[in-house]
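Please study the sequence and the model before working through each solution.

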Amino acid sequence: MKKLINTPESVLADALAGFGAAHPELTVDLVDRVISRAARPATPKVALVSGGGSGHEPLHGGFVGLGMLDATCPGEVFTSPVPDQMLAAAQAVHSGAGVVFVVKNYTGDVMNFQLAAELAAEEGIEVRTVLVNDDVAVEDSTWTAGRRGTGATVMVEKIAGALAERGAPLDQVAALGDRVNAASRSFAIALTAATTPAAGKPGFDLPEDQIEAGVGIHGEPGRRRETLRPARELAAEVVDTILADHDLAAGDEVIALVNGLGGTPLLELYVVFGEVHARLAERGIRIARNLVGNYVTSLDMAGFSLTLTKADPDLLELWDAPVATPALSWS
Amino acid sequence: MKKLINTPESVLADALAGFGAAHPELTVDLVDRVISRAARPATPKVALVSGGGSGHEPLHGGFVGLGMLDATCPGEVFTSPVPDQMLAAAQAVHSGAGVVFVVKNYTGDVMNFQLAAELAAEEGIEVRTVLVNDDVAVEDSTWTAGRRGTGATVMVEKIAGALAERGAPLDQVAALGDRVNAASRSFAIALTAATTPAAGKPGFDLPEDQIEAGVGIHGEPGRRRETLRPARELAAEVVDTILADHDLAAGDEVIALVNGLGGTPLLELYVVFGEVHARLAERGIRIARNLVGNYVTSLDMAGFSLTLTKADPDLLELWDAPVATPALSWS
Amino acid sequence: MDTTLALAWVREIASAVEEHEAQLTELDSAIGDGDHGSNLRRGFTAALAALDGLDPASVGAALSRTGTTLISKVGGASGPLYGSAFRAMGTALPGERADAAEFGAALAAGLAAIRRLGAAEPGDKTIVDAWTPALAAFELAAPTGFAAAAEAAAGAAEQGMRDTVPLQARKGRASYLGPRSIGHQDPGATSTALLFRALARVAEKAG
Amino acid sequence: MDTTLALAWVREIASAVEEHEAQLTELDSAIGDGDHGSNLRRGFTAALAALDGLDPASVGAALSRTGTTLISKVGGASGPLYGSAFRAMGTALPGERADAAEFGAALAAGLAAIRRLGAAEPGDKTIVDAWTPALAAFELAAPTGFAAAAEAAAGAAEQGMRDTVPLQARKGRASYLGPRSIGHQDPGATSTALLFRALARVAEKAG
Ligand SMILES: Nc1ncnc2c1ncn2[C@@H]1O[C@H](COP(=O)(O)OP(=O)(O)O)[C@@H](O)[C@H]1O
Ligand SMILES: Nc1ncnc2c1ncn2[C@@H]1O[C@H](COP(=O)(O)OP(=O)(O)O)[C@@H](O)[C@H]1O
Ligand SMILES: [Mg+2]
Ligand SMILES: [Mg+2]
Ligand SMILES: [Mg+2]
Ligand SMILES: [Mg+2]
């Protein structure tokens with residue numbers, strides 16, 4: 001394992017210190033491990049708080065700022081943060097209008113945020129939870145842990161964040177978050193496995209001509225192993241898998257995220273985007289907005305995920321609203 | 001070799017098609033291989049044109065837009081573009097106020113841009129060339145090819161681009177580009193080698209506990225092989241190497257770029273930034289502005305480079321000026 | 001069980017977790033995200049620190065403190081699950097000592113907390129698959145004394161742990177693998193077996 | 001040399017480059033960026049297409065066209081260098097045929113173009129280190145006829161190529177490696193040797 005770290009144990013603390021030094025416009029609490037906006041809102045606004053394991057950067061710290069998250073609490077690498085952190089994050093940014101927890105659907109994240117919501121309620125903070133579960137690779141039933149939350153998190157945080165910025169009330173912001181999640185589906189393909197600092201070796205072995213289809217963002221293997229094929233075929237497979245599960249028809253518009261998992265050159269992500277674009281065009285579906293780059297990563301994993309969010313004029317208008325965060329910024 | 005491509009031969013064409021689909025605000029000429037701003041300036045302005053081999057994304061295509069480049073011409077992977085492309089780029093954005101070529105100092109880039117400048121002059125386009133040569137790993141003498149251009153390219157393109165946007169004349173924009181370059185120094189460390197689609201295997205082998213110090217961005221080996229050490233020690237080595245060659249004293253301010261080479265997780269880049277920040281602070285040098293992320297990459301290479309640009313109020317003011325490009329955006 | 005034994009149990013778990021950290025991580029790498037070992041080590045190291053110098057008034061005090069620490073230090077799935085279990089056990093043991101029957105009831109409260117929070121059924125390939133047979137064995141053997149009950153529970157937990165191998169996971173991260181989770185031993189069931197083996201060891205030493 | 005031979009030379013180079021693409025890439029990976037093989041293949045494939053159907057009026061016409069194509073298709077260091085060299089050779093050969101002395105002068109013009117653009121000295125571990133001895137050998141043997149001169153040039157180019165191994169690069173990408181460039185054969189000198197070997201081959205065939 002080769003990593004630019006001091007020790008596996010200190011990665012999170014060291015990265016947070018660096019993040020704080022790099023982003024003076026944000027407040028980084030190194031003790032509670034909370035990243036929050038330094039400026040408090042002039043009038044009370046709904047606070048968006050997210051959090052999850054580290055190793056997915058820029059998610060979530062890179063999305064704290066105007067028009068998106070108010071705070072986040074990073075856990076250890078690939079490990080959900082603890083309720084104390086979540087509570088501290090909520091307390092740091094609660095301005096009286098309530099807090100929305102944006103939670104990716106993983107057993108650990110869900111349980112810890114549930115305990116945190118109970119603690120917050122005891123402190124008199126009103127909390128709503130938006131559960132993100134967009135990964136169609138995973139079987140979804142009442143008997144399973146359900147679908148994972150992946151790329152749609154960016155969509156939910158951007159769009160619900162824009163609405164919160166406009167002063168919408170708690171229930172409305174949470175309902176919009178749910179709506180964006182329901183309109184989103186994702187699927188990922190990995191060319192290599194991620195190596196966590198703690199494990200020190202790749203989560204799984206993958207021969208030179210093999211890929212894992214249906215992987216998550218925590219280094220776990222996917223649903224099946226396949227042969228590496230040209231980008232055109234992989235993109236078609238991913239698009240078709242998503243469309244088979246998505247309420248999208250010819251004439252519809254989407255927001256598309258072609259997301260790098262951390263170890264894939266941007267050049268290749270643009271190749272994939274071109275193929276996704278072409279495949280959707282064949283189906284009569286137009287990409288109205290897009291992001292291409294590393295947004296929800298899995299450390300050094302090579303590969304990509306595609307997220308498609310069915311768009312409508314309301315969602316597009318909120319998508320276009322100004323945002324100013326380390327990783328997403330436009331006006 | 002595992003890559004998200006169709007064929008090694010079509011990588012550039014496919015990526016450009018994807019880039020064009022992803023960025024409708026830019027014009028992508030797939031025949032001449034030129035990326036340029038779609039909107040023409042209302043009044044003549046100096047046009048900034050850069051270009052170089054592909055595989056360094058977001059450089060340069062990701063820096064085309066308001067406040068930065070007017071056009072770029074991507075070459076094949078790690079191969080300088082050809083004079084025809086450079087001329088086409090200049091012609092696409094020349095509005096009567098002249099063109100500045102921002103050229104990274106590599107034999108191929110320099111010679112091709114030189115031929116292009118001759119062609120442009122024949123077409124009546126006034127051209128100035130800003131040569132970027134910031135890499136202190138390389139011996140600089142009249143007997144050698146001189147220092148490579150790396151991270152400082154971002155600084156030059158951002159700051160000279162801001163001045164051009166304000167309507168400054170050709171010589172002034174070029175002179176500022178030269179000044180930014182002269183104020184900048186870089187040094188890079190690689191943990192792994194890059195694999196080009198054409199070669200199909202890593203440019204060099206690097207054992208599990210070894211790193212290459214003083215690497216460039218074209219997959220070439222570095223100046224020396226060293227043992228992997230904690231991020232703190234590597235950052236100190238890089239900072240000290242740069243300071244030994246830089247006119248920086250206690251009390252000075254810098255713009256710092258901690259740049260990922262393509263395969264290093266952002267989490268680790270923040271660890272490195274924290275250590276760089278601390279080391280500079282020990283020397284009394286303050287980081288006034290910074291970028292942390294993948295800006296000048298070398299395909300899938302793991303590692304980082306550090307660029308320090310000595311700042312003054314003028315440079316900082318231009319650095320802070322609005323920019324709206326795919327990879328750099330603020331207002 | 002008395003307060004000294006409760007403290008000794010947590011210490012014994014901590015050293016077992018430290019010793020088996022790599023194994024837990026290995027198992028979690030195969031069907032999860034490779035952090036179960038470091039998660040539990042971080043948690044029980046913190047628990048040791050939290051218990052340091054503590055003079056617990058009840059058997060449950062040390063366990064409650066351990067649970068609270070796990071919740072606030074571990075994260076992931078195992079943090080809230082084990083944390084809630086220890087808190088529930090702590091609440092169920094308010095006295096200065098507890099006999100085997102009382103301790104069995106506490107173990108039952110622990111399992112109930114895990115199932116309330118995680119909603120896993122036996123057979124889902126989780127902690128529940130080791131804890132459930134361990135509890136049953138403990139209760140069955142309780143009349144023969146604490147040490148014997150703990151020994152029976154440890155053996156049953158280990159059997160439950162091994163029995164997770166052929167199961168397809170339906171809860172936790174391993175469920176994302178679908179049929180590919182079959183053939184691997186569950187990391188959480190493995191750490192539960194360590195927990196019960198630690199109990200048997202301190203109980204035997206205490207005589 | 002006549003126009004047919006000039007065309008044959010470019011075609012022979014193209015097939016030599018295709019055959020040795022992997023070797024050139026390998027050499028360029030060791031001390032450069034691993035694209036010399038694909039650069040030249042792209043260039044000479046384009047040159048073949050540009051020459052297709054061309055009925056050159058002079059020996060130089062085919063070479064000029066080749067040079068222009070290399071400049072506009074190759075990029076990198078080798079594109080402008082070889083491109084300018086072929087253009088200079090083309091300009092130096094305005095007639096329908098050229099004898100060995102005239103062709104030697106064209107080779108000299110090619111080398112001058114390379115050195116004007118690239119500013120490399122002999123010993124800098126570049127194209128110049130193969131072209132310089134090749135030119136000298138060609139001129140020396142010119143009186144004995146074109147084929148013999150070309151054969152001598154090819155041998156000298158190959159010797160020059162091998163002699164780059166112990167050199168430390170002072171120009172081009174390999175110079176960034178400093179002393180670590182020592183012990184590797186220069187890719188550009190290698191492709192120059194291919195160029196001259198192709199010349200010897202077509203000259204011999206033409207008798
Ligand atoms: N819903 C659940 N109920 C009981 N145990 C569970 C549940 N989900 C996961 N687990 C247990 O947690 C273990 C994984 O713990 P850990 O690796 O620390 O957390 P994470 O999965 O968040 O990385 C699994 O092996 C499994 O035994
Ligand atoms: N200044 C120069 N003069 C002559 N030849 C040079 C010079 N610089 C580089 N070369 C030659 O170019 C070769 C590399 O060509 P190529 O790999 O195609 O271009 P690049 O270095 O831009 O990738 C080197 O092996 C060397 O022989
Ligand atoms: Mg985890
Ligand atoms: Mg090159
Ligand atoms: Mg885990
Ligand atoms: Mg090369």
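## Shared sites and chain contacts

Ligand 2 is surrounded by residues from chains B and D, so its site is shared between chains. Here a residue is near a molecule if one of its heavy atoms lies within 4 Å of it. This is a predicted model, in which local features need pLDDT of at least 70 and side-chain atom pairs count only at pLDDT 80 or more, while totals for chains, interfaces and linings use all residues. Residues are numbered from 1 along each chain as its sequence is written, chains are lettered from A and ligands numbered from 1 in the order in which they are written, and side-chain values use heavy atoms, with hydrogens and water left out.

### Exercise 1: the site of ligand 2

Task. Determine which residues come nearest to ligand 2, and which residue classes make up its shell.

Solution. 

Step 1. Ligand 2 has 21 residues around it, and the nearest are Asp33(D), His36(D), Ala77(D), Ser78(D) and Asp186(D).

Step 2. Next come the polar contacts, each a pair of N or O atoms within 3.5 Å; within protein, one atom must be able to donate a hydrogen and the other to accept it, and residues adjacent in sequence count only if both atoms are side-chain atoms. An oxygen atom of ligand 2 lies 2.9 Å from an N or O atom in the side chain of Asn39(D). For the side chain of Arg173(D), the distance from an oxygen atom of the ligand to an N or O atom is 3.1 Å. A polar backbone atom of Ile127(D) is 3.2 Å from an oxygen atom of ligand 2.

Step 3. On its own, ligand 2 has 570 Å² of accessible area, and the protein covers 97% of it. Accessible areas come from the Shrake-Rupley method with a 1.4 Å probe; for residues, only the protein chains shown count as cover.

Step 4. Helix 3 (36-51), helix 5 (78-91) and helix 9 (187-206) of chain D each give two or more residues to this shell. Helix 9 of chain D gives the most, with 3 residues. Helices (H or I, at least four residues) and strands (E, at least two) are DSSP runs, numbered from the N terminus.

Step 5. The shell divides into 6 nonpolar, 9 polar and 6 charged residues. Ala, Val, Leu, Ile, Met, Phe, Trp, Tyr, Cys and Pro count as nonpolar, Asp, Glu, Lys and Arg as charged, and the others, Gly among them, as polar.

### Exercise 2: the site of ligand 1

Task. State between which chains ligand 1 lies, and how much of its accessible area the protein covers.

Solution. 

Step 1. Chains A and C have ligand 1 between them.

Step 2. A nitrogen atom of ligand 1 is 2.9 Å from a polar backbone atom of Gly118(C), and an oxygen atom of the ligand is 3.1 Å from an N or O atom in the side chain of Asp28(C). The protein covers 96% of the 570 Å² of accessible area that ligand 1 has on its own.

Step 3. Helix 9 of chain C supplies the largest share of the shell around ligand 1, 3 residues.

### Exercise 3: the contacts between chains

Task. Identify which pair of chains has the most contacts, and describe what chain B brings to its interfaces with chain A and chain D.

Solution. 

Step 1. Contact means heavy atoms within 4.5 Å. Among the 3 pairs of chains that touch, chains A and B have the most contacts. Chain B and chain C are not in contact, their closest C-alpha atoms lying 17 Å apart.

Step 2. The contact of chains B and A takes 53 residues from chain B and 53 residues from chain A. The two chains bury about 4,300 Å² between them, with 63% of it on carbon and sulfur atoms. Buried area is the accessible area (1.4 Å probe) that two parts lose on being put together, summed over both.

Step 3. Between chains B and A there are 2 salt bridges, each a side-chain nitrogen of Lys or Arg within 4 Å of a carboxyl oxygen of Asp or Glu. Glu268(B) and Lys3(A) meet in a salt bridge (3.6 Å, N to O).

Step 4. The contact of chains B and D takes 39 residues from chain B and 33 residues from chain D. About 2,600 Å² is buried there, of which carbon and sulfur atoms give 54%. Lys201(B) forms a salt bridge with Glu26(D), with the closest N and O atoms 3.4 Å apart.
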